[in-house]
Amino acid sequence: MPPIPNQHVHTPRIITYYQTHHTPSSPEYREGKHISILPLLQQPGISLTHLILAAIHINESPSALTLNDHPPSHPRFTTLWAELRVLQASGIKVLGMLGGAAKGSFSRLDYSPDGTISTEKFEAYYAPLADLIKQRGLDGLDLDVEEPMSLAGIIHLIDRLKADFGEGFIITLAPVASALLDVKHNLSGFDYQALEVLRGDKIAWYNAQFYCGWGDCSNPIMYEMILLKGWKPEKVVVGLVTNPENGGGYVPWEGMGNVLPLLVGRHAKFGGVMGWEYFNSLPGGRERPWEWARCMTGLLRGQKVVKEEEEGGQNGSVEKEGMGETGNGNSAASDMVEADGDADDAGGGGKEAPVPDSFEYYSDGATGED
């Protein structure tokens with residue numbers, strides 16, 4: 001009798017951040033034209049597992065929570081929320097991203113057991129965030145802490161989210177990759193290794209930023225150094241910029257075609273890849289941003305060769321090696337087994353990475369675009 005197939009096959013995650021939701025304003029589209037994410041479902045060969053909606057900001061007034069520059073209930077987001085529900089119905093998990101380059105969200109949610117930071121302050125700022133999660137049915141929250149926050153504060157926030165939304169609620173963090181090697185090369189203020197020891201069973205994975213001077217994924221060395229430090233491969237997702245316009249450290253597709261299949265082959269539980277961000281992702285650019293997810297599906301599912309072509313812009317194609325046609329993304333999320341949490345595993349030399357100058361994300365209102 002043949003052996004029973006393992007029903008818990010680990011599949012690397014394919015994640016995209018979605019922060020720019022509209023094109024620039026024009027006479028035809030005064031608020032800009034909505035940038036649809038439905039092609040991530042409609043186009044063949046895409047197995048997206050998670051989409052992270054950015055960026056939620058907690059502002060000075062507790063009632064002034066915003067998605068980028070507008071209240072989440074603003075009419076400009078009507079189509080966005082509807083499309084996100086379609087993705088969820090198709091098996092793709094949708095998370096919100098809290099924080100990012102705009103400071104203030106986490107200082108307002110910080111906490112101190114000795115009472116030096118008041119519980120009342122936390123409750124005032126946390127309540128609108130919890131309401132948004134409930135109202136929009138988000139599957140999880142990505143905590144992108146790019147400002148000082150205490151270890152006690154991030155633990156308190158994680159514990160509260162799990163208490164309010166259950167163990168199935170996905171919590172991720174987005175450290176710069178160097179923070180997983182050395183606490184001194186860090187934007188968050190707390191030690192990620194200490195956090196993993198104390199709350200690793202409640203954290204699904206880390207979207208490590210291998211870009212903007214905080215990491216390098218043009219070769220596998222830094223990822224391997226992180227694993228040698230004790231991190232589990234299923235907890236570390238390789239974060240990439242999808243276009244050099246989005247930040248420094250863009251790795252062309254030829255480089256990715258060498259590095260990612262190597263990591264997949266070397267680590268049976270490789271955590272996956274995330275891209276910052278969707279709207280202008282190469283190789284398709286603004287006209288066909290979903291092609292990034294298609295190419296990543298190919299690289300992580302066994303289509304080894306990606307060619308980059310320039311025909312008045314950058315277009316890409318994937319050459320298949322020894323595999324059949326890939327279906328579109330509906331089945332990917334159902335194949336995942338992770339600590340959404342990683343049920344089978346809970347908890348968790350070389351040159352120092354340079355600390356670069358600060359940078360600004362491409363975000364709503366930054367250049368007159370959304």
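Predicted model: local features only at pLDDT ≥ 70, side-chain atom pairs only at ≥ 80, totals over all residues.
User: Let's start with Tyr223: what is its relative accessible area?
Analyst: Residues are numbered from 1 along each chain as its sequence is written, and side-chain values use heavy atoms, leaving out hydrogens and water. Buried means under 20% relative accessible area, exposed over 50% and partly exposed in between, with a 1.4 Å probe and protein chains only. Tyr223 counts as buried, because its relative accessible area is 1%.

User: Why are Phe122 and Tyr126 separated by about one helical turn?
Analyst: Helices (H or I, at least four residues) and strands (E, at least two) are DSSP runs numbered from the N terminus. Phe122 and Tyr126 are both buried. Both belong to helix 4 (residues 119–136), and they sit about one turn apart because their spacing in that helix is 4 residues.

User: Which class of pair do Tyr223 and Phe270 form?
Analyst: Phe270 is buried too, at 0% relative accessibility. The ring centres of Tyr223 and Phe270 are 5.4 Å apart and their planes meet at 65°, so the pair is edge-to-face.

User: How many residues apart in sequence are the parts that this pair ties together?
Analyst: Consider where each ring sits. Tyr223 is in helix 7 (residues 221–228), while Phe270 is in the loop between helix 8 (253–266) and strand 9 (272–276), so the parts tied together are apart in sequence by 47 residues.

User: Which residues are linked by ring pairs into a cluster?
Analyst: Here the ring pairs join up into a group. The cluster's members are Phe190, Tyr192, Tyr206 and Trp231.

User: How far is the charged end of Arg76 from the centre of the Phe77 ring?
Analyst: A charge sits over a ring if NZ of Lys or CZ of Arg is within 6 Å of the ring centre and within 35 degrees of the ring normal. Arg76 has its charged end over the ring of Phe77, at a distance from the centre of 5.9 Å.

Methods:
Phe/Tyr/Trp six-rings, centres within 6.5 Å; stacked < 30°, edge-to-face > 60°.
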